[in-house]
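Reader: I have the sequence and the structure open beside me. Please take me through some features and how to read them.

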Amino acid sequence: MTIILKKQDYDEILGHALMNLPNEACGLLGGLMDGEVKIVKKIYLLKNVDQSPEHFTLDPKEQFAVIKDIRRGNGVLLGNFHSHPSSPSRPSEEDKRLAFDVELSYLILSLQDKENPVLKSFRIKEAEVSEEEIQVI
Amino acid sequence: MSFSNDQLERYSRHIILKEIGAKGQKKLLNGKVLIIGTGGLGAPAAMYLAAAGVGTIGLVDNDAVDLSNLQRQIIHQTKDVGKPKVISGAETINEMNPDVKVVTYQEWVNASNILDIIRDKDYDFIIDGTDNFPAKFLINDACVLSKKPFSHGGIIRFQGQTMTYLPGNGPCYRCVFLNPPPADAVPTCRQAGVLGVMGGIIGTIQATEALKYILGIGELLNSYLLTFNALTMEFRKVKLPVNTNCKVCSNKATMKELIDYEQAACDMKPSSQA
């Protein structure tokens, strides 16, 4: 699977993550899934109700609003993203444990080195992690 | 320039190719291809280039759509019979892809207008989709003199051929074929017939060359003549040498002006496209 993400959307995700430091930031991605391609058409910056540098929880009310918006013509829910303020871009044990949907992409933006943020995407199936390609264009 | 959501979706199969990516797709959107002849070869070439998102496509043709064209000239439809081919072609492309700007030249190419047409939009690549030798030599000479790459294509009956000219990199059409054959020595498609798909096979190879040239990927058919026989299903790729005495592209070239060759009188009407 390849994820195509517009540069302006990437910049927004990065901005959101930097603004939420030292806590983790999170959000959802809507768009199209077509064969081996996921095209991100719209990103949703959500609140991390945990307000924690090591955990995140999406606000259920916001999630419902996002799903409604996606259904209004922005394709399907493609996945989610969250930041790792001080660890690498790889799913933590908790990330793996809470990844219940094998179809979704789990994007992690590492700000361990703030000058060189690293965004990666993963599919997670019963704690088995595989990385996906992301093209930021 | 950034992509819209619709463009991302439309070109996603290109964008995920490592050889193309977003950069390559932008090159295509900024690319300019001139197609001379909107017939058997030009129709499929134009359609694939339009679908691929080549941003500017020039169509040259002075002919109108004839019912007998529709067996192979797939850019035109039954409702277009009687319409100028460049208009019919432009309408089809506009419906296919709003990203493409079509420039139409409703005229036959000749020695006095072809350089202006090529210069009009400073086209990156030219496709010869004509069906007669005077036009083929004229296109070759004009491209050599204006240092433009072009793809030659020709089809008749069950056979087709194509080669690509890159300035300073391999032979030109005249290196290989020297001069047009005597008028009427070779039958035209109108006289000899042509299997409809031949234009698709050769025309889409020509479109492939144009795309690869704009993208700067792969190897082109410069220094090669590719021939195809639909009855035996054989492709042959024949290596071609540069003619060091070529009168248009060699360093002994004597030709500085374009020539309009006589066309066999019987072929002047009604069609000049393959």
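Reader: In β6(B), which residue is the bridge partner of Ile155(B)?

Author: The bridge partner is Gly160(B). Strands here are DSSP runs of E with at least two residues, helices are runs of H or I with at least four, and both are numbered from the N terminus. Two strands pair if DSSP finds at least two bridges between them. β5(B) and β6(B) pair in the antiparallel sense over seven bridges.

Reader: How should I take the numbering and the model itself?

Author: Residues count from 1 along each chain as its sequence is written, and chains are lettered from A and ligands numbered from 1 in the order in which they are written. This is a predicted model, where local features need pLDDT of at least 70 and side-chain atom pairs count only at pLDDT 80 or more, while totals for chains, interfaces and linings use all residues.

Reader: How many residues lie between β5(B) and β6(B) in their hairpin?

Author: Two residues lie between them, and Arg157(B) in the turn has a positive phi of about 50 degrees.

Reader: What does β6(B) pair with over five bridges?

Author: Strand β6 (residues 159–165) of chain B pairs with β7 (residues 224–229) of chain B, in the antiparallel sense. In that pairing Gln161(B) stands opposite Thr227(B), and Gln159(B) stands opposite Asn229(B).

Reader: What is the strand order of the whole sheet?

Author: The open sheet has eight strands in the order β3-β2-β1-β4-β5-β6-β7-β8 (chain B), with mixed pairing. At its edges are β3 (101–105) and β8 (234–239) of chain B, each of which pairs on one side only. Neighbouring strands are turned by 15 degrees against each other on average, direction ignored.

Reader: Which helices lie across this group of strands, and how do I read their angles?

Author: Axes are lines fitted to C-alpha atoms, for helices over the stretch in contact, and angles run from 0 to 180 degrees between N-to-C directions. Contact means that the C-beta atoms of two residues, placed from the backbone, lie within 7 Å. Helix α7 (residues 133–145) of chain B lies across β1, β4, β5 and β6 of chain B, at about 165 degrees to β4(B). Helix α10 (residues 197–215) of chain B lies across β1, β4, β5, β6 and β7 of chain B, at about 175 degrees to β5(B).

Reader: Is α7(B) mostly covered or mostly open?

Author: A residue is buried if 20 or more other C-beta atoms lie within 10 Å of its own, exposed if 12 or fewer, and partly exposed in between, with C-beta atoms placed from the backbone. α7(B) is mostly covered, as twelve of its 13 residues are buried. Among the buried ones are Phe133(B), Phe137(B) and Val144(B). The cover includes β1, α6 (114–120), β4, β5, β6 and α8 (173–177) of chain B. After α7(B) comes Lys147(B), with a positive phi near 55 degrees.

Reader: How do I describe two packed helices?

Author: By the angle between their axes and the distance between the axes. For α3(B) and α10(B), the axes come within 9 Å and cross at roughly 115 degrees. Gly24(B), Lys27(B) and Leu28(B) of α3(B) meet Leu211(B), Ile214(B) and Leu215(B) of α10(B).

Reader: How many residues does each chain give to the contact between chains A and B?

Author: Chain B gives ten residues and chain A gives twelve residues. On the side of chain B, α1(B) gives the most, with three residues.
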